[in-house]
Amino acid sequence: MADINKKKIVLPLAPNEEFGSVKHLNTKKIKLPHGIPGHNLTEIEREVSADEPPALAVNDQLSVVGKRTKRIDAIYKVTGAAKYTSDIQLPGMLYGKFLRSPHPHAKIKSIDVSAAERHRGVHAVHILSVEPGGAVQRDNGHDAPAETYHVDKLPVLRYVGQPIAGVAAISDKVAREAVQLIKVEYETLPFVVDLDEAMKKGAPLVFEEKVEQQQTGGDVGGEAGAGQQGNLRGPSIGSFYGGPRGDVDQGFNESDIVVEGEFRTQVQTHCALETHGIVADWQTNMLTIYASTQSTKSVRNDLAELFDLPLSKVRVITEYMGGGFGAKFGAGHFGVMAVVLSKKSGHPVKLMLDRKEEQTTAGNRPNSQQMLKIGVKKDGTLQAIDLTSYGTAGIGLGAGVGRVAQDMYTCSNFRMAQYDVFTHAGPGAAFRAPGNVQGCFALEQLIDEIAEKLNLDPLAYRDKIDQSEIRKVERKKGAEKFGWKRKQPGSDSGVVKKGIGVAQGHWPRIIHVDSSATVRINKGGSVEIMSGVQDIGTGTKTILAQVVAEELGLKAEDITVKIGDTTYPDGPGSGGSVTAGSITPAARNAAYQAKMQLLGQVAGGWQVEIADLDMEKGEIFAKSDTSKRMSFVDATKKMRTNQIMATASRPDDYGGFEVGNAIGYDRLGSVQFAEVSVDTETGVIKVDRVVAAHSCGRPLNPLQIESQINGGVIMGVGYALYEDRIMDKETGYMVNANLDQYKLPYSKEIPHIENIIIEQYGAHSSTDASGIGEPANVATAAAIANAVYNAIGVRIYELPMTPDKVLAALQVI
């Protein structure tokens, strides 16, 4: 008989599902600047939580925010006082090194580490097993030094450089010697490292079984549940951004002009100045990690999960970090190995990858083969876009390129099929605007082809088909600075021909609400801001100081910034142009709440209302009574407690999110103009000049933004003309795994760069800031490609655009 008193419990969320939007007990309405100054600036009203600060004025009315401010840590970097992970020295510290696979595909038949363990100065040896972080047990189940390991739990080796074992010793030299003493017997297997060969029927399989893993190369590849046949996994159809739409075949039937092309881009490796690495110190009460990472909390979370530790027992520190472009998230195989070796040896262990390991194992931008087709009406209206792409992230997923084609221009009929192709090479990783850089190279060349067929200037055609208001302004201002004037392709006489080109891109405005900061005002006037967020070289410390200083009426140099430590409140990871838009609202909100506590005490002493008080130029004063004025320092000396402290987290966007709790409603726009010289006898391309027009919401520090744009342009030049991972098809080795043969732009190859920064207020948060790292890189290669066509009258459809490709296009060779 049924129990009529038994209640049915309904869970509102799945077990692993997070809460969505937040309900506020009290709200208020504020008016914020909205639009572009000098173009369409107005005000918009938003309903926000009652504890949000007042609207921040536009930049020209502010004292610190929006001003060209030198980095607050610059002196430490130029004098060598800044300590990076590779500089860390701890008492009793050991040095870790890997034994890595010399084969692109193999099984381990036997492995003997006894000689390595006996080598003088070696403190620990560990063999990686199939289970993450787990040890392979010895035959007799204990740690006898001369036994060999079981091999049934060892992973199949799928690329040259895959880690097999690690050693910790008293010096780097001794560790390397010990690695050489490890004896391994391999059963080599067939392999494939070339994209085209991997797609052929009968090609050696990278994975025998179906693979489901997190995407590593870009957010539009590796969709969950995609099919897998041989080395192909897909298709991915862009579901995250709405998937296919309309009737593409009918769209092409109704088109007056159809253009199509096959475009190829290469594998680009990460070349940060500081390689991946970790110092791990396993103690009974705490695991302390010094990491070169783009996310302190992702390293902490990974290691806490792998080693079954509470989050409070793992501390990750990244005070200074030598660059990262998307690959430095999570603990990594090197981090896990360092922790295991530290735990086994009882000593801290430093494990930094060398440059060869960095090039082959730490991630890369996947290559692409794109078949793109676009149909238009006689008036230029886009009728249909069809994209099929293949790309390899090696043994990883995420080689998609389709977001740019999917939503940069208005087109009612769109479809795509994107495939990941497995090869026996190191895994891909997110790389500064993953997917968009490859996709832009193809899309923007076809857009130029359409403009030419319509006898329209490329800028005029984009004005017609692009609905983005911000890119319209960027095109106008960029053209004025560049001196844009339509030029007939290939019209120059002489050997060296000049060309001009333009391309544009976009990137979603991504926010991480798990971004918090604490602001502390101390007796005596010192002010600190604390957050787990890291500064990867982009200047996060400085913009945090600026935001807090603006709120408290102080100077940026008055603020002590303490970040890059998981003992502070969690900050966002630094990737995807996330950081500025995520952490600065939390910083300002915390500063505002601390300010209100201090003003409350001052108001009580002066017998005035809090609303009558303000802070400016290092003083606190009553707006209604000029006699009531006190320096900020003197006011803090009268505080009832030694410190006032407030912690705040990044709230939801004031206007809500477009997707989930992370993607904003607008896009970060960019337009790049390029001028090139092409030597038609040698095939050498020289980029002479680039004008880059960008928006990133409220520009917090134009000096740092210019630096970011310059870096993105230089990286784009390298991608367009020089960088290329070269794999030996016969051995499976990368033959240019260094910074000599792997070509990067040198000083004489860097063009003259001019920046245009557009203020764009979206009324999204208390700072209204966004990032710039990704947009600065997206359109550069495409703009150069269009400029090369304009110079020589022949298109280059493959990157990098090396002299041999230019000469072949000119039919010189």
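**View 1. Three domains are assigned in the chain.** Domain 1 covers 83-189 + 276-352, domain 2 covers 466-508 + 663-813, and domain 3 covers 512-649. These bounds come from an automatic or database domain assignment. The model is predicted: local features need pLDDT of at least 70, side-chain atom pairs count only at pLDDT 80 or more, and totals for chains, interfaces and linings use all residues. Residues are numbered from 1 along each chain as its sequence is written, and side-chain values use heavy atoms, without hydrogens or water.

**View 2. Domain 2 meets domain 3.** Their C-alpha centres lie 39 Å apart. In contact (heavy atoms within 4.5 Å) are 16 residues of domain 2 and 14 residues of domain 3. The two domains bury about 1100 Å² between them, 50% of it on carbon and sulfur atoms. Buried area is the accessible area (1.4 Å probe) that two parts lose on being put together, summed over both. Leu-700, Gln-704 and Ser-766 supply 43% of the area that domain 2 buries here, more than any other three residues.

**View 3. The largest nonpolar core has 71 residues.** Such a core is a set of buried Ala, Val, Leu, Ile, Met, Phe, Trp, Tyr and Cys residues joined through side-chain atoms within 4.5 Å; buried means under 20% relative accessible area (1.4 Å probe, protein chains only). Ile-374, Ile-784 and Met-801 have the most contacts inside this core. Ile-374 touches residues including Phe-252, Leu-382 and Ile-450, not counting those up to four places away in sequence. Apart from this core lies another, of 48 residues, among them Val-519, Val-548, Ile-583 and Phe-632.

Methods: Buried < 20%, exposed > 50% of the residue type's maximum accessible area, 1.4 Å probe, protein only.
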